[in-house]
Amino acid sequence: MSPTVTHGHPGGREKMGWGSRLTDPISIIIPPVAMHTAIILVLSVIAVFVIQRFLDVRRVIRTITHSRSSGHRFFALSPASFLSRRVPHIPGIAKGRNALMRLKHREFQEVGWDGFMVVSAWPRAEAALTLADASTIKEVTSSRARFPKPVHRYKFLQLFGGNIVASEGDEWKRYRKIAAPAFSERNNKLVWDETVLIMEDLFKNVWHDESVTLDHALDITLPIALFVIGVAGFGRRVSWQDDVGIPAGHQMAFKEALHEVSTHIILKVVVPEWALGLRKSWRKVALAFKELNQYMLEMVQARRTAEKKDERYDLFSSLMDASEGDHGEALLKDSDLTGNIFIFLLAGHETTGHTLCFTLGYLALYPDVQERLYQEISRVSGPGSMPTYEDMNQLSWAMAVFYETLRLLPPVVAIPKESAEDTTLTVGNLQEEKATIVVPKDTQIVLHVYALHHNPRYWEDPLSFKPERFLGDWPRDAFIPFSAGPRACIGRKFFETEAIAIMCAIISKYKVEVKEEPEFANETFEERRARVLGSKSGLTTTPIRVPLAFKRR
Ligand code: HEM
């Protein structure tokens, strides 16, 4: 394909193999000499860039190398970069797609330590510390000043305004103080009672008290989670029937807008505003953002103008109370309100919906675990009846089933932190040896939830589903689906309450089985398990397809 003559002497043009002077637009615009010069210039710039980067990487390696350290691994593309997550695994270049879920604890075993530095050259020369050591992780999570949240990594969560998840320092303290009362014991009881109503509505008005088969259990678990956070968090009661309509003044239903936004949030960050109009699917995402913002502002407006302000203790009321001073002055901006409303809808919806879906999948695959759960519920509240919030402490098997699901399939696969100072951390290994890692200021730190949850130092037979490991004594520091320390999930009890209520409601009335499909009739148990529990990475670990049959008991 290369042109045979590009040296610019007049006679050379006739020999060009791909068109005459008149038909070669590039030659008309750029004379061959200029083209050559341009190419040489570009190559020189690339060469200077590569050499500079190489030197930068060497400098980074020198700052972290230490005689007693656990060493480092090199990947040209940073595993946290957008690019690395789009390409397959290429040794030395990219860890590839779904690396954390795919590799679990394997990489740490290859390195021989439960913590090591990953050095990369793109997008910048840097070293990031990756950890799967329970006591080192505890040290990091318990010291917010030494290891704060790298808020610049959470920019995509600030699209609707500042919020509790994507903030640090005094701003975070203020948001946390406002939100804390909404996660009190009083509100947890509200969560339980509202969840029971939502489940009764589903069984009676959608399933008509009959057996049903679902192609993907997520089709009910996501709406359930959304309805619970909607009513218990925001006083917005939605029933299964009236959620389908689009209210006047809107072009999209609330549920759809939230789903679109949470599924395509990264797109909104990556694609510039003007380009969102270029494709139909992108236009839908842009519309969803606009619609959701409008829904949230309407919620704020409706509460502000309500005649009688009910005595409520939910999250929304706490936010609204904090937004106005005693004399009606604004203490929180509208964007603070929408930012936090959005983050609570998101945090309280996706993580929960996905975990419920995986848990139902496990119960269908392990009928003995499900039977033990049914027996526990029957013992606590009588056959076919629903326990109350006060019974929750007696449902230890139910909690163990959820914890084992969260250990194997944590929604948040990695938690980022950074070092605020030059420091060192100590990590261990299977041989119970210790190594010191030099951690310069501004080093990115990754708490590798998947690897920690599959680390054989803490979990016997880590790949197996065994809820019984959560009865009695278990290694609490090696279990961080909700993170740990002061920045741990504020909604943990909210989740546990609604999850147990939902599971009790389902299992007391229905037997859950994997949907029979002729094309999978001959698969082994392992194949079936891999199919039903297949997951992909999204904003949180996402079930691909969990097809289930719910049979009336
Ligand atoms: C299975 C359910 C859940 C899981 C696995 C989960 C997990 C997590 C994790 C890992 C964090 C720390 C994130 C980070 O450091 O970047 C977090 C924070 C948070 N979660 Fe959850 N979460 C769940 C349910 C909920 C629910 C139901 C709510 C609200 C109703 C909620 C609200 C929050 C909030 C507001 C934060 C930020 C806390 C702070 O920074 O002070 N989460 N969650």
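Which element supplies the largest share of the shell around the ligand?

A: Helix H14 does, with three residues of the shell. Bear in mind that this is a predicted model.

Start with the shell as a whole. The ligand is surrounded by 27 residues. Tyr154, Trp172, Arg176, Arg487 and Cys489 are the closest. By class, 18 residues of the shell are nonpolar, six are polar and three are charged. Four helices each contribute at least two residues: H6 (169-179), H13 (334-347), H14 (350-365) and H18 (492-509).

The ligand has an iron atom, and Cys489 is its only protein donor. The SG atom of Cys489 sits at 2.3 Å from the iron. Cys489 belongs to the loop between helix H17 (449-453) and H18. H18 itself is among the helices that supply at least two shell residues.

Next, the oxygen atoms of the ligand. Tyr154 places a side-chain N or O atom 2.5 Å from a ligand oxygen. For Arg487, the distance from a polar side-chain atom to a ligand oxygen is 2.9 Å. For Lys149, a side-chain N or O atom is 3.4 Å from an oxygen of the ligand. Tyr154 and Arg487 are also on the list of closest residues.

A second polar contact, of 3.4 Å, links the side chains of Arg457 and Tyr458. Beyond its neighbours within four places in sequence, Arg457 touches Asp114, Asp133, Gly428, Asn429, Leu430, Glu432 and Lys434.

Two of those partners lead further. Take Asp133. At the start of helix H5 (residues 134-142), a side-chain oxygen of Asp133 comes within 3.0 Å of the backbone nitrogen of Ser135. The buried residues of H5 are Ala134, Thr136, Ile137, Val140 and Thr141. These lie on the same side of H5, because they cover an arc of only 160 degrees around the axis. They pack against strands E3 (126-131), E5 (414-418), E6 (423-428) and E8 (444-448), and against H17.

Then Glu432. This residue lies in the loop between E6 and strand E7 (434-439). Its phi is positive, about 60 degrees, although Glu432 is not a glycine. Most residues other than glycine have a negative phi, and most peptide bonds are trans. Glu432 counts as exposed because its relative accessibility is 54%, where the cut-off is over 50%.

Two other backbone features deserve a look. Lys104 also has a positive phi, about 45 degrees, without being a glycine. Lys104 is in the loop between helices H3 (99-103) and H4 (106-111). At 27% relative accessibility, Lys104 is partly exposed. The peptide bond from Trp122 to Pro123 is cis, with omega near 5 degrees. Pro123 is in the loop between strand E2 (115-122) and E3.

Finally, the whole chain. There are 19 helices and twelve strands. Of the 553 residues, 50% count as buried. The C-alpha atoms fill a box of roughly 95 × 65 × 65 Å along the principal axes. Among contacts with a separation of 6 or more, 73% join residues 24 or more positions apart.

Conventions: Residues numbered from 1 in each chain as written. Predicted model: local features only at pLDDT ≥ 70, side-chain atom pairs only at ≥ 80, totals over all residues. Heavy atoms only, no water. Near = heavy atom within 4 Å. Polar contact = N/O pair within 3.5 Å; in protein donor to acceptor, adjacent residues only side chain to side chain. Nonpolar A, V, L, I, M, F, W, Y, C, P; charged D, E, K, R; others polar. Donors = N, O, S within 2.8 Å, 3.2 Å for Na, K, Ca; no water. Buried < 20%, exposed > 50% of the residue type's maximum accessible area, 1.4 Å probe, protein only. Arc of directions from axis to C-beta. Contact = heavy atoms within 4.5 Å.
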